[in-house]
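Me: I have a chain to read and would like to go through it feature by feature. Please give the general idea each time, then the case at hand.

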Amino acid sequence: MTIKDLFSFKSERIKVLHFTWFAFFVSFFAWFSMAPLATTMMENMDWLTAEHLAALGICNVVLTIPARIIIGQLLDKWGPRIVFSGLLITMSLPTIVFAFGDTWIQLMISRLVLGSIGASFVIGIRMVAEWFPPKHVGFAEGIYGGWGNFGSAAAAILLPWLALTVFAGDNGYRYALAFTGVVCFLYGILYYFVVRDTPKGKKLVRPKRTAALEVSSWGDLIQLMIWTLPLGGAVAISAWRLEGLGFISKPILYVVYTVILIVLFYQLYTILKINIPILKKGVPKEDRYKFRNVVALNSTYFANFGAELAIVSMLPMFFQLTFSLSAAQAGLIASSFAFVNLLARPLGGMLSDRLGSRRKVMLVYMIGISIGLLLMGFINSSWPLAFAVAITIITSMFIQGAEGATFAVIPLIKKRITGQIAGMSGAYGNVGSTVYLTLYTFVSAQQFFFLLATGAIISFIICYFMLDEPKNSFAENYYLTEEELVEANQIVAPVRKSM
């Protein structure tokens with residue numbers, strides 16, 4: 001697939017791609033609506049402080065981690081069309097509640113619930129994989145992720161203008177925030193009617209069980225349980241940060257810890273309940289996959305998307321203080337990180353499609369991230385500003401290109417559980433940002449970049465030893481078992497003669 005093909009609107013698969021990346025765009029437009037209007041909110045609500053906004057920022061992401069796991073399960077069970085539409089329509093409610101909230105409880109709870117919309121990313125990964133063959137899936141997923149992710153930048157550009165110019169008045173910011181919820185609601189309805197889960201003649205291949213990820217060996221079962229634990233740990237870190245800011249008490253914090261432990265134990269129990277019978281029966285050789293590939297991609301998304309979210313949060317202040325810039329100048333430079341997404345993520349997917357080895361492309365990207373972040377750690381006021389900006393943009397190209405390369409591989413690991421795999425790897429991106437931003441409170445900006453580089457190097461090592469080249473990487477069709485091919489209507493079930 002080429003860039004020219006993106007404008008072939010007579011093609012149904014291209015229409016689905018455009019409708020789907022825009023659904024992701026809409027979700028990010030609503031999810032990141034608070035930041036560009038934060039100062040306006042403080043001016044209009046006398047009691048709202050910078051500490052309140054910091055707490056709301058934590059609330060905005062804390063439920064994204066479990067939501068991505070849950071959405072991945074629902075996605076494999078019900079299909080992307082219903083789940084994407086349902087998520088957008090449902091999340092319009094907390095968006096509007098937040099817009100017109102006047103108390104801390106209203107703002108905190110609505111923002112906490114709205115964080116679940118960040119799971120929308122996972123849905124489109126499965127939808128795009130259903131419509132594009134392995135040889136083109138990287139570029140298509142890159143377009144989906146890169147263009148959809150730009151919704152956060154669109155919010156930063158459009159919402160202040162809407163609040164101050166279009167709606168105006170003391171409540172202009174409220175109507176601007178509510179506008180994002182209305183867009184979610186309307187587009188959720190539209191999406192349901194304009195797309196379908198699979199091309200005509202094919203059915204969605206669903207896993208037999210969606211309560212937990214299926215594995216193929218006892219060793220993989222142990223790995224799955226181990227890699228489930230940090231998902232709860234990241235939520236616990238967010239709660240700890242809220243307690244440190246004074247927004248929840250010690251007793252409430254312990255209650256939260258207890259709930260997290262109960263949920264984790266239940267999830268581990270479910271993993272065992274689903275997989276022990278499967279493993280005792282034995283997994284047919286043709287139906288097996290190696291969980292170590294999921295581990296490798298969890299690590300890459302931790303290291304690249306986690307780093308992206310962390311850097312975006314601190315980069316404006318870093319440039320402002322290092323080079324004595326105005327807030328506007330520093331913000332403009334930092335915004336280049338988001339704008340690069342439009343090109344870098346599709347490029348990562350395209351290179352994964354075209355260079356003959358998805359594994360090698362992933363490894364090169366992780367090395368590039370490591371070198372770029374190491375160089376950023378040496379940036380100081382003696383550097384020419386233009387050189388510092390150039391290094392930042394190049395590093396951003398590698399980080400976001402690696403995100404595209406990651407999700408060029410995920411649909412190829414095990415087709416019928418793509419939603420769950422994408423959910424887990426996507427959640428690890430948020431785990432990465434939580435861990436990195438927590439560490440940032442203890443180190444200098446330069447040391448922080450070295451920490452990010454260390455994470456990328458560790459991911460490179462994990463990928464080098466654990467990531468395999470997927471089956472059918474560049475084929476016309478995904479690798480499916482005979483049973484799955486029958487379910488997808490791609491072959492006719494063989495007639496078995498009775499003896």
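**Reading helix packing and contacts**

Reply: Start with a helix pair: the axes of α7 and α18 come within 9 Å and cross at roughly 145°. This is a predicted model: local features need pLDDT of at least 70, side-chain atom pairs count only at pLDDT 80 or more, and totals for chains, interfaces and linings use all residues. Residues are numbered from 1 along each chain as its sequence is written, and side-chain values use heavy atoms, with hydrogens and water left out.

Me: What counts as a helix, and what is an axis?

Reply: Helices (H or I, at least four residues) and strands (E, at least two) are DSSP runs, numbered from the N terminus. Axes are lines fitted to C-alpha atoms, for helices over the stretch in contact; angles run from 0 to 180 degrees between N-to-C directions.

Me: Which hand does the crossing of α7 and α18 have?

Reply: A crossing is left-handed if the near helix is turned anticlockwise from the far one by less than a right angle, and right-handed if clockwise. For α7 and α18 the crossing is right-handed.

Me: Which residues of α7 and α18 meet?

Reply: Contact means heavy atoms within 4.5 Å. From α7 come Val 122, Ile 125 and Arg 126; from α18 come Thr 418, Gly 419, Ala 422 and Gly 423. By class, this contact of α7 with α18 has three nonpolar, three polar and one charged residues. Ala, Val, Leu, Ile, Met, Phe, Trp, Tyr, Cys and Pro count as nonpolar, Asp, Glu, Lys and Arg as charged, and the others, Gly among them, as polar.

Me: At what angle do α13 and α18 pack?

Reply: Helix α13 (residues 291-323) and helix α18 (residues 418-440) pack at about 45°, their axes 6 Å apart. Angles under 35 degrees count as roughly parallel, over 145 as roughly antiparallel, 65 to 115 as roughly perpendicular and the rest as oblique. The pair α13 and α18 is therefore oblique. The crossing of α13 and α18 is right-handed. Their contact residues divide into 19 nonpolar, nine polar and no charged.

Me: What does Ile 237 contact beyond its neighbours within four places in sequence?

Reply: Ile 237 sits in helix α11. The contacts of Ile 237 are Thr 434, Val 435 and Thr 438. Ile 237 and Thr 438 are 201 residues apart in sequence, yet 7.9 Å apart in space, C-alpha to C-alpha. Ile 237 is partly exposed, with a relative accessible area of 24%.

Me: Now the charged pairs. How many salt bridges does the structure hold?

Reply: A salt bridge is a side-chain nitrogen of Lys or Arg within 4 Å of a carboxyl oxygen of Asp or Glu. The structure holds 13. One of them joins Glu 12 and Arg 196, with the closest N and O atoms 3.0 Å apart. Glu 12 is in helix α1 (residues 12-31), and Arg 196 is in the loop between α10 (172-194) and α11 (218-244), 184 residues apart. Both ends are partly exposed: Glu 12 at 36%, Arg 196 at 31%.

Me: What about the pair Arg 126 and Glu 130: buried or exposed?

Reply: Arg 126 and Glu 130 are both buried. Their side chains meet in a salt bridge at 2.8 Å, N to O. The two are four residues apart in helix α7 (residues 120-131), so about one helical turn separates them.

Me: Where do Asp 468 and Arg 292 lie?

Reply: Their side chains form a salt bridge (2.7 Å, N to O). Asp 468 is in the loop between α19 (445-466) and α20 (482-487) and Arg 292 is in helix α13, so the pair ties together parts 176 residues apart in sequence. Salt bridges that share partners also join Asp 76, Arg 126, Glu 130 and Lys 415 into one network.

Me: Last, backbone angles. What is phi near for Ser 324?

Reply: Most residues other than glycine have a negative phi. Ser 324 has a positive phi, near 55°. Ser 324 is in the loop between α13 and α14 (327-339) and is exposed, at 66% relative accessible area. Phi of Asn 472 is also positive, near 55°. Asn 472 is in the loop between α19 and α20 and counts as partly exposed, at 32%.

Methods
Buried means under 20% relative accessible area, exposed over 50%, partly exposed in between (1.4 Å probe, protein chains only).
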